[in-house]
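The following note sets out points for a colleague who wishes to examine this structure. Please read them alongside the coordinates.

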Amino acid sequence: MVVMLVILPMICLITSIFYGIRNGFDFWYILIVAIMFTPTLFIFYDSSAWVYIIGYAIVALIGVLIGLPFRNR
């Protein structure tokens, strides 16, 4: 549970920050993060974990938005 609630969102946030610094805001990146989490829902978790798809997309959005101000530096 700690992995899904703490470690994976932190990895997603850190990679999203680096993506935001390097590429700026990109809606497709956020969508791809959500789509790539979907198969793990059926493989590792049960159907009640579908809410985490939205959660990881929000974490990716926050990470990209944090990285945006550092893009021009």
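1. Helices (H or I, at least four residues) and strands (E, at least two) are taken as DSSP runs numbered from the N terminus. This is a predicted model, in which local features need pLDDT of at least 70 and side-chain atom pairs count only at pLDDT 80 or more, whereas totals for chains, interfaces and linings use all residues. Residues are numbered from 1 along each chain as its sequence is written, and side-chain values use heavy atoms, with hydrogens and water left out.

2. Along its principal axes, the C-alpha trace spans about 45 × 25 × 15 Å. The accessible surface of the chain comes to about 5,100 Å², and carbon and sulfur atoms account for 77% of that area. Accessible areas come from the Shrake-Rupley method with a 1.4 Å probe; for residues, only the protein chains shown count as cover.

3. Of the 73 residues in the chain, 29% count as buried. Buried means under 20% relative accessible area, exposed means over 50%, and partly exposed lies in between (1.4 Å probe, protein chains only). Among contacts with a separation of 6 or more, 72% are due to residues 24 or more positions apart; a contact means heavy atoms within 4.5 Å.

4. Helix H2 covers residues 27-43, and its buried residues are Tyr29, Ile30, Val33, Ala34, Phe37 and Leu41. Seen down the axis of H2, these buried residues fall within an arc of 135°, so they line one face of the helix. The arc is that of the directions from the helix axis to the C-beta atoms. The buried residues of H2 pack against helix H1 (2-23) and helix H3 (51-67). On the other side of H2, Trp28, Ile35, Met36, Phe42 and Ile43 are exposed.

5. Which residues line the largest pocket? They are Leu8, Ile11, Cys12, Thr15, Tyr29, Val33, Met36, Phe37 and Tyr56. H1 and H2 are the elements that give two or more residues to this lining. By class, the lining has eight nonpolar residues, one polar residue and no charged residues. Here Ala, Val, Leu, Ile, Met, Phe, Trp, Tyr, Cys and Pro count as nonpolar, Asp, Glu, Lys and Arg as charged, and the others, Gly among them, as polar.

6. About 190 Å³ of space lies in the largest pocket. On a 1 Å grid over the protein atoms alone, a pocket is an open set of points where a 1.4 Å probe fits, with protein on both sides within 12 Å along at least five of seven lines; lining residues have an atom within 4 Å of a point. Grid points are joined across faces, edges and corners, and a volume is the space filled by probe spheres set on the points.

7. Ile14, in H1, is partly exposed at a relative accessible area of 44%, and its C-alpha atom is separated by 20 Å from that of Met1, 13 residues apart along the chain. Arg22, also in H1, is exposed, with a relative accessible area of 69%. Arg22 and Gly67 are 45 residues apart in sequence and 8.2 Å apart in space, C-alpha to C-alpha. Asn23, likewise in H1, counts as partly exposed at 36% relative accessibility; the C-alpha atoms of Asn23 and Cys12, eleven residues apart along the chain, are separated by 16 Å.

8. In helix H3, Leu65 is partly exposed, with a relative accessible area of 44%. Leu65 and Trp50 lie 15 residues apart in sequence and 24 Å apart in space, C-alpha to C-alpha.
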